[in-house]
Amino acid sequence: MGKRSVPVIDMQDVSGLAEKIVRACEEWGCFRLVNHGVPMELMAEMKGATRSLMDLPMETKLKNSHPEPGKGYTPPNMASPYFEGLSVYDMTSPGAFDHFCSQIDASPHQREVLEKYGFALHDLAQLLGSKLMEGLGLSGELFKGWPCQLKMNKYNYSPETVGLTGAVMHSDPGFLTILQDDEIVNGLEAVDTITGELVPVDPIPGTLVVNVGDVATVWSNGRFCNVKHRVQCYEPTIRTSIALFVLGPKDEKVEAPPQLVDSDHPRRYIPFDFEDYRKLRTKTNSPTGGALKYFLTQSS
Ligand SMILES: O=C(O)CCC(=O)C(=O)O
Ligand SMILES: [Fe+2]
């Protein structure tokens, strides 16, 4: 049998859409969205803005600093020497785009594109949240008021890096990520949870990839899969991607809603604070979600 590949979900095909999304979260934790409603022109403008911002001098990019690790500019480092990323954290907080753009002196046009794209992706994330609730038979609003991080990624590949790793194997710590991957340069790979095999998630221009993270595994009481993924270098060229991370609740704990817990499905994880979890992930060097084990309940 050939390798399976991640599900492709057409959002214009509304019949059974919520159930399809839930199933993809359960079976893969990774899927591609087509007809997602984000205008192609806006996606292209955002790629353009990302490329030009990434071309700024290092001293300018370093001004996108944040007191907490991972929430500002990530320069190339020992673990990921070819990767760098600029971040708008938290993009939902008032003035976030103004602050980011003043840090790195972005143009009014770049600022407009970033904000428009950020909010379009945020709207799509809210829609996915409501589809997840619907598909699980729950009511209420998922992700309401949750911090989100908009991250622009650049992989500086060269002939010397072909065959090497651009982003090490990891799961995303938050609930879900909507990724505009490079429309030409491949390299994203996800682990098939059933076979354990790494499968390529090759580009399909105009589409978006969703990666389900650690918070979703806890929130779904173990039903959703926090997909392990990495980015390899296959071509000596620049690779660019843009991620919107929907992280976790700010003032509440990460926990499964009571409707997803019953005697057949006892609570798998002790509720925790997202930022505490993020710190524990770093401290225990658990990039693929291994630190979730510290929160397993007796019954799991
Ligand atoms: O660049 C990509 O395609 C994936 C990036 C990623 O996995 C991440 O930023 O968490
Ligand atoms: Fe990721």
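This is a predicted model: local features need pLDDT of at least 70, side-chain atom pairs count only at pLDDT 80 or more; totals for chains, interfaces and linings use all residues.

Trainee: Which protein donors hold the iron ion (ligand 2)?

Mentor: Begin with the atoms that count as donors: N, O and S atoms within 2.8 Å of a metal such as this one. Here the protein donors are H170 (NE2), D172 (OD) and H229 (NE2). They lie 2.1 to 2.2 Å from the iron ion.

Trainee: What spacing do the donors follow along the chain?

Mentor: The spacing is H-x1-D-x56-H. H170 lies in strand β5 (residues 165-170) and H229 in strand β10, so this pair ties together parts that are 59 residues apart in sequence.

Trainee: Now ligand 1. Which residues are around ligand 1?

Mentor: List the neighbours, then sort them. The residues around ligand 1 are N153, Y155, H170, D172, L179, L188, H229, V231, R239, S241 and F245. By type, the shell divides into 5 nonpolar, 4 polar and 2 charged residues.

Trainee: Which polar side-chain atoms lie how far from an oxygen atom of ligand 1?

Mentor: For a polar contact, look for N or O pairs within 3.5 Å. A polar side-chain atom of S241 lies 2.7 Å from a ligand 1 oxygen. For D172 the distance is 3.1 Å. For H229 it is also 3.1 Å.

Trainee: How much of ligand 1 does the protein bury?

Mentor: Compare the ligand alone with the ligand in place. Alone, ligand 1 exposes 300 Å², and the protein buries 95% of that. The space ligand 1 takes is the largest pocket.

Trainee: Which elements give two or more residues to the shell around ligand 1?

Mentor: They are β4 (148-156), β10 (229-232) and β11 (238-246). The largest share, 3 residues, comes from β11.

Trainee: And the backbone? What should I look for?

Mentor: Look for exceptions. Most residues other than glycine have a negative phi, and most peptide bonds are trans.

Trainee: Which residue has a positive phi although it is not a glycine?

Mentor: N35, with a phi of about 50 degrees. N35 is in the loop between β2 (30-34) and α2 (40-54).

Trainee: Where is the peptide bond that is cis?

Mentor: From Y89 to D90, with omega near -20 degrees. D90 is in the loop between β3 (83-89) and α4 (96-104).

Key:
Residues are numbered from 1 along each chain as its sequence is written. Chains are lettered from A and ligands numbered from 1 in the order in which they are written. Side-chain values use heavy atoms; hydrogens and water are left out. A residue is near a molecule or strand if one of its heavy atoms lies within 4 Å of it. A polar contact is a pair of N or O atoms within 3.5 Å; within protein, one must be able to donate a hydrogen and the other to accept it, and residues adjacent in sequence count only if both atoms are side-chain atoms. Accessible areas come from the Shrake-Rupley method with a 1.4 Å probe; for residues, only the protein chains shown count as cover. On a 1 Å grid over the protein atoms alone, a cavity is a set of points where a 1.4 Å probe fits but cannot get out, and a pocket is an open set with protein on both sides within 12 Å along at least five of seven lines; lining residues have an atom within 4 Å of a point. A molecule sits in a cavity or pocket if more than half of its atoms lie within 2 Å of its grid points. Helices (H or I, at least four residues) and strands (E, at least two) are DSSP runs, numbered from the N terminus. Ala, Val, Leu, Ile, Met, Phe, Trp, Tyr, Cys and Pro count as nonpolar, Asp, Glu, Lys and Arg as charged, and the others, Gly among them, as polar. Donors are N, O and S atoms within 2.8 Å of the metal (3.2 Å for Na, K and Ca); water is not among the atoms, so sites may look incomplete.
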